[in-house]
Amino acid sequence: MKSLQKIDRRNFVKLLGLASGGIIIGCNITDTDKKFKPVSNNNSFSPNLFLHIQKDGNTTIIASRSEMGQGIRTSLASAIADELEADWQYISVKQAIGHEKYGNQNTDGSRSVRTLLTPMRKIGAAAKMMLITAAAKKWSVPVNTCIAENHFIINTNTKERFFYGDLVADASKIPLPASDKITLKNTSDFKFIGKKLTSIDIHDFTNGTAKYGIDIRLPNMKFAAIARPPVTFASVMNFDKTATENTKDVVDVFELKRLTPPLGKFFGMLGGVAVVANNTWAAFQGKESLKIDWKTERSKEFDSEEYIDELQKRVLTSGKVVPGSYGNVRNAFGESDKIIEASYSVPFLVHAPMEVPNATAWFKEQTIEVWAPVQDPQTARNELSHFFKIPIENITIHITFLGGGFGRKSKSDFVVEAVAISKKIKAPVQVVWSREDDIKHSFYHATSAQYIKASISNENKVTGWLQRVGFPSIVSSFKPYSDYASGFELNQGFTNNPYQLTNFRLENVKAIAPLRIGWMRSVVHIHSAFGNNCFVDELADAVKKDPVEFHIELLGKNRIVNGKSKFPFNTKRLKDVLKATAKMADWGKKLPKNHGMGVAIHYSFYSYVATIVEVAVKENKVKIENIWTTIDCGLALNKDAITSQLEGAAIFGMSLTFFGEITTKNGAVEQHNFFDYKMVRMKDNPNIEIKIMDKMEEPPTGVGEPGVPVIAPAICNAIFNATNKRIRTLPLTKSGMV
């Protein structure tokens with residue numbers, strides 16, 4: 001068998017704690033090879049994607065990606081169930097542990113459905129073929145006279161029926177079909193895919209029984225809090241723990257050395273002073289009473305305001321030319337009588353997921369066991385193996401639900417901390433970050449500065465476009481001297497500009513990273529979409545054209561921007577979402593006094609998104625009235641989840657636009673908690689309407705992140721439409737508008 005393999009039942013049941021009996025099917029897949037791979041021929045194999053059908057018909061599907069509210073467990077389960085012709089009431093989902101046999105489990109980049117949909121469908125289809133074959137043998141009829149329907153195999157001649165559970169004993173003896181012999185359903189026959197499917201976890205989410213990382217409890221476990229360096233990369237010089245040791249229920253206090261990662265692999269942990277107690281409250285109280293002298297290093301002088309001012313000056317002068325430039329903008333500028341130029345800036349941002357980073361760990365001689373809300377369990381295992389010299393096969397990561405992630409929990413520093421403390425105290429321990437810890441010691445979304453300049457002809461056509469950007473690179477967090485943006489960052493809305501231009505020049509300026517830089521939901525697309533869309537709106541105003549019509553004109557002929565990609569960037573699809581959104585919002589309608597509408601479009605994670613925002617501005621304060629968003633994400637697996645993702649993206653984007661800003665003085669982050677790093681609240685929630693384009697024949701693309709980048713520019717363009725006031729620097733608090 002070359003592609004799928006039945007799994008030894010006893011080992012599988014032992015591994016996952018499932019009820020015994022039935023059919024178990026798995027496959028092996030990685031991001032570098034999407035095809036099914038041969039699996040081991042011994043009885044110890046446990047693959048990465050599973051389907052387990054029991055004799056009572058109950059069907060368990062194993063989810064290999066982390067669930068952080070995006071509905072991935074439901075979406076992937078529905079793909080298997082659809083091809084299986086399952087009855088949804090028999091479906092349950094179990095979370096996979098972190099292990100390389102499940103392929104790449106890193107849940108980021110809006111790629112789970114894009115990479116796993118076809119393998120999951122094949123698993124369901126293979127199981128269905130086995131069940132049909134088993135039933136046909138029992139009836140002694142040709143296979144093609146049997147069909148699967150709602151957890152039954154039906155003899156189409158006699159109308160006799162076999163329940164799936166009654167076939168598992170015979171079906172488990174049927175050879176698995178080869179991958180190339182598995183036939184998938186036509187999209188018109190989908191039963192679950194493309195529909196609105198309620199989350200399979202909604203019951204647990206809403207009644208409080210869902211188990212998050214912070215809910216984990218083990219016998220005799222302790223709780224720990226850590227006083228981390230106030231300035232990035234500082235270290236403990238000395239500390240007085242007298243008051244802490246006298247705190248009720250505090251049992252231990254000791255220094256944690258910073259663990260410095262090797263180049264290019266890990267992010268490590270900051271170190272500090274750990275306080276271990278019998279409960280979280282005591283650990284927090286003990287931490288507050290510590291007296292620590294810190295040895296600060298190069299970051300102690302870092303002032304974010306000065307840094308951003310310098311970055312804004314730097315983008316006004318020449319930078320390093322980025323591949324993808326063409327034509328001659330200098331000539332274009334020289335030949336034009338109308339030059340438009342503008343600078344845009346986005347501050348440092350932090351993820352602030354509702355559930356703070358936390359991990360429970362148990363270091364036992366030569367094994368490590370962890371329970372944590374992580375997005376990337378395999379990197380966590382690699383880090384633990386490296387730092388604690390434990391064979392990776394002896395490290396188990398149990399992935400809990402995530403109370404939000406947004407990219408923060410793809411880093412494993414909080415997991416490493418828990419294991420380090422467990423090793424020291426020789427007991428299980430849970431490390432919980434406070435909200436202040438999360439705000440002050442995160443991996444921050446990079447601040448950025450952009451300068452864009454365009455020339456316009458006498459016919460009001462854009463003849464030249466120069467764009468210069470500067471921001472500290474994510475690569476800087478694991479590779480020193482990464483002082484320029486990396487290629488994969490520049491490809492996020494900068495080099496793949498969709499507009500049809502004759503002369504186009506891109507430049508990147510140096511930006512040394514003063515903080516730990518990480519990826520946040522939508523990553524570099526946040527500032528790319530902000531600059532591009534705000535500037536096009538300025539150009540439309542300069543030539544006195546309607547912004548929607550000007551976007552379409554500037555997009556030019558329908559064409560492929562990135563021809564080498566498996567998901568080519570088709571500008572027609574970007575136009576289509578723009579037109580659909582304009583229609584939904586009734587663009588051009590007469591608005592009440594002091595109201596305005598703004599538009600933004602963007603291509604990210606292979607999906608096309610357009611958003612129109614309507615604002616009301618009264619006494620220089622802005623209120624969002626309506627948000628209309630259209631997405632073309634190819635095959636829309638679960639429309640209920642996609643709608644929720646885009647609604648969440650709108651709120652997430654509003655928070656960044658209104659309030660999002662991390663600042664530093666003398667190297668230390670100034671914000672503390674939600675009182676000074678605010679989010680929009682229920683009272684700010686506008687009417688949000690979502691449209692999903694019908695593209696079921698196209699491959700599925702990203703959903704979780706593409707809804708974010710368009711929100712800020714659409715809001716700022718709407719403010720201009722209402723007030724003639726240009727917003728070029730985020731957040732809006734700087735303009736006094738919130």
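Reply: Start with A148, which stands opposite I153 in β7. This is a predicted model, so read every value as computed from that prediction. What holds strands side by side in general? Strands of a sheet pair through backbone hydrogen bonds, either parallel or antiparallel.

Now widen the view. Three strands form an open sheet here, in the order β6-β7-β8, and the pairing is antiparallel. Which strands sit at the edges? They are β6 and β8 (161-163), each of which pairs on one side only. Neighbouring strands of this sheet are turned by 25° against each other on average, with direction ignored.

Next, look at the link between the two strands we began with. The loop between β6 (146-149) and β7 (152-155) holds N150. N150 is not a glycine, yet its phi is positive, at about 50°. Is N150 buried, partly exposed or exposed? Its relative accessibility is 33%, so N150 counts as partly exposed.

D586 is found in the loop between α16 (571-585) and β23 (595-604). With a relative accessible area of 45%, D586 is partly exposed.

The backbone has one more feature to find. A cis peptide bond joins L730 and P731, with omega at about 0°. P731 lies in the segment after α18 (711-723).

C146 has a relative accessible area of 6%, so it is buried. C633 is also buried, at 0% relative accessibility. How many disulfides does a search of the whole structure find? It finds zero.

Now move to another strand. R468 lies in strand β21, residues 462-470. Is this arginine buried or exposed? R468 is buried, because its relative accessible area is 5% and the limit for buried is under 20%. What does its side chain meet? It makes a polar contact with the side chain of E507, at 2.7 Å. A polar atom of the R468 side chain also lies 3.0 Å from the backbone oxygen of T317.

Leaving aside neighbours within four places in sequence, R468 is in contact with a run of residues including R314, V315, L316, T317, S318 and G319. Its contacts also include A449, Q450 and Y451, along with E507 and V509. The C-alpha atoms of R468 and I452 are separated by 6.4 Å, although the two residues are 16 apart along the chain.

I452 leads on to F535. Leaving aside neighbours within four places in sequence, F535 is in contact with I452, K453, A454 and W465, among others. Its contacts also include I340, E341, A342 and Y344.

Finish with the nonpolar cores. The largest has 120 residues, and W465, F535, L539 and I715 touch the most other members. Which helix gives the most to this core? It is α17 (residues 639-658), with eight residues. A second, separate core has 52 residues, among them A277, I292, A380 and V416.

How values were computed:
Residues are numbered from 1 along each chain as its sequence is written. This is a predicted model: local features need pLDDT of at least 70, side-chain atom pairs count only at pLDDT 80 or more; totals for chains, interfaces and linings use all residues. Side-chain values use heavy atoms; hydrogens and water are left out. Helices (H or I, at least four residues) and strands (E, at least two) are DSSP runs, numbered from the N terminus. Buried means under 20% relative accessible area, exposed over 50%, partly exposed in between (1.4 Å probe, protein chains only). A disulfide is a pair of cysteine sulfur atoms within 2.5 Å. Two strands pair if DSSP finds at least two bridges between them. Axes are lines fitted to C-alpha atoms, for helices over the stretch in contact, and angles run from 0 to 180 degrees between N-to-C directions. Contact means heavy atoms within 4.5 Å. A polar contact is a pair of N or O atoms within 3.5 Å; within protein, one must be able to donate a hydrogen and the other to accept it, and residues adjacent in sequence count only if both atoms are side-chain atoms. A nonpolar core is a set of buried Ala, Val, Leu, Ile, Met, Phe, Trp, Tyr and Cys residues joined through side-chain atoms within 4.5 Å.
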